[in-house]
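I opened my notebook to record what I looked up, beginning with the overall fold and ending with the aromatic rings.

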Amino acid sequence: MSGRGVWLRARARLRRFPAALAACGDQAAAYGRCVAAAAAGPAELRRDTCLEEFQALRECFARAVRPCPR
């Protein structure tokens with residue numbers, strides 16, 4: 001199996017990323033605010049601190065890149 005197919009699929013996903021990010025701006029902003037607030041204090045950033053916001057962003061990305069039904 002050649003590595004070329006892997007790179008072609010990766011590039012195709014990356015080409016869709018700007019549109020997905022534009023479609024999910026509210027969720028991305030909420031996640032960014034959560035991470036910034038969690039990292040701003042003296043405590044360390046912990047895993048799953050912003051899990052709810054991350055899940056919302058992930059679901060939005062999944063909906064944004066899902067092919068439209070015909």
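Before reading any residue, I noted that partly exposed stands between buried, which means under 20% relative accessible area, and exposed, which means over 50%. By that scale Tyr31, at 27% relative accessibility, counts as partly exposed. I also wrote down that this is a predicted model.

Entry on the fold. I looked up the secondary structure and found three helices and zero strands, with the elements running α-α-α from the N terminus on. The radius of gyration is 16 Å, well over the 11 Å that the globule rule gives for 70 residues, so the protein is more spread out than a compact globule. Along the principal axes, the C-alpha atoms fill a box of roughly 45 × 30 × 15 Å. I then checked burial, and 10% of the 70 residues count as buried.

Entry on the aromatic rings. I looked for aromatic pairs and found that the structure holds two. Phe17 and Phe61 form a tilted pair, with 5.6 Å from centre to centre and 55° between the planes. Phe17 lies in helix H1 (residues 4-23) and Phe61 in helix H3 (residues 51-65), so this pair ties together parts that are 44 residues apart in sequence. Tyr31 and Phe54 form a tilted pair too, at 5.7 Å centre to centre and 55° between the planes. Because Tyr31 lies in helix H2 (residues 25-40) and Phe54 in helix H3, that pair ties together parts 23 residues apart in sequence.

I looked up Phe17, which is partly exposed with a relative accessible area of 40%, and Phe54, which is partly exposed at 35%.

Notes:
Residues are numbered from 1 along each chain as its sequence is written. This is a predicted model: local features need pLDDT of at least 70, side-chain atom pairs count only at pLDDT 80 or more; totals for chains, interfaces and linings use all residues. Side-chain values use heavy atoms; hydrogens and water are left out. Rings of Phe, Tyr and Trp (its six-membered ring) pair if their centres lie within 6.5 Å; planes under 30 degrees apart count as stacked, over 60 as edge-to-face and the rest as tilted. Helices (H or I, at least four residues) and strands (E, at least two) are DSSP runs, numbered from the N terminus. Buried means under 20% relative accessible area, exposed over 50%, partly exposed in between (1.4 Å probe, protein chains only). The radius of gyration is taken over C-alpha atoms; the globule rule is 2.2 Å times the number of residues to the power 0.38.
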